[in-house]
Amino acid sequence: MIRVQREPFDVGEAYGRLISGLEGKVGGVAMFVGLVRDFSQAGEDVRRMTLEHYPGMAEKELERLVEEASRKWELLGHVLIHRYGALELGEPIVLVMTAAARREAALSACSFLIEWLKTRAPFWKLEEDSKGRERWVEGE
Amino acid sequence: MRVLYFAAVRRSIGTGEELLDLPEDVKTAGELLAWLRGRDELHEAGLSGRVCIAVNQEHVDESTRLDGVEEVAFFPPVTGG
């Protein structure tokens, strides 16, 4: 399942949907949840953030990443949800889940997906500090 | 051609989308970027830093040809996740 959405996501529901029908086949599920934290990469304070995205390309890029991961590891299922819009401290931003027969494939694919998503998926973070000043997060 | 801008590039130029007729000598994504930079001060400023390019919603480099292309996007390095 791949989703780009404004609304929060329910980790439990996504997990249930991922393993439904795969009982007995799945040996492990790996998960990464990215959250809004109260400090930036440079250590400045963060009060909230807004995520901008490129509608259409964002979904396609996530699909391309999953295709790539599926060529490298034997995955039985995946969940990739990325949010956009206004997000408060502590809110979830991104969810990556991978299901496989063996833990190594699930863990490696999950790590691959979140790392590559950060450099390829067209999303941009605009942080706001406690004084209401905005700044774009610098990409690499 | 539909030209899209996102994030800091969009804010700097002041719009997220333009419909443009390109000069005939603009044949690659890099040539389009150079042409856009030369249009006015807002474009020059918005597109001055490191700019990533997507053609028909796929990452490309500046050498990519634009024959038959409908949508090109320019944006800063991505920061999702």
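Predicted model: local features only at pLDDT ≥ 70, side-chain atom pairs only at ≥ 80, totals over all residues.
A salt bridge is a side-chain nitrogen of Lys or Arg within 4 Å of a carboxyl oxygen of Asp or Glu.

Select Glu134(A) and Arg11(B) to start. These two residues form a salt bridge, their closest N and O atoms lying 2.8 Å apart. In total, the rule finds three salt bridges across the interface of chain A and chain B. Polar contacts across this interface number 16 residue pairs, with both residues at pLDDT 80 or more.

Next, colour the side of chain A that touches chain B. Among the elements giving two or more residues to that side are strand 3 (48–53), helix 2 (57–72) and strand 7 (123–128) of chain A. Helix 3 of chain A supplies the largest share, five residues. By class, this side has 14 nonpolar, five polar and 10 charged residues.

Now display both chains together. Here 29 residues of chain A are in contact with 20 residues of chain B. The area buried between the chains is about 2,000 Å², and carbon and sulfur atoms give 54% of it. Select Tyr54(A), Trp124(A) and Trp136(A): in chain A they lose the most area to chain B, together 32% of what that side buries.

Finally, turn to chain B alone. An open sheet of five strands, with mixed pairing, has the order 2-1-5-3-4. Strand 2 (17–19) and strand 4 (58–60) of chain B each have a single partner strand, so one side of each is left without a neighbour in the sheet. From one strand to the next, the twist averages 25°. Strand 3 (residues 52–55) and strand 5 (residues 71–75) of chain B run antiparallel, joined by four bridges. Select Cys52(B) to end; its bridge partner in strand 5 of chain B is Phe75(B).

Definitions and conventions:
Residues numbered from 1 in each chain as written. Chains lettered and ligands numbered in written order. Heavy atoms only, no water. Contact = heavy atoms within 4.5 Å. Buried area = accessible area lost by both parts, 1.4 Å probe. Polar contact = N/O pair within 3.5 Å; in protein donor to acceptor, adjacent residues only side chain to side chain. Nonpolar A, V, L, I, M, F, W, Y, C, P; charged D, E, K, R; others polar. Pairing = 2+ DSSP bridges. Axes fitted to C-alpha atoms, helices over the stretch in contact; angles between N-to-C directions.
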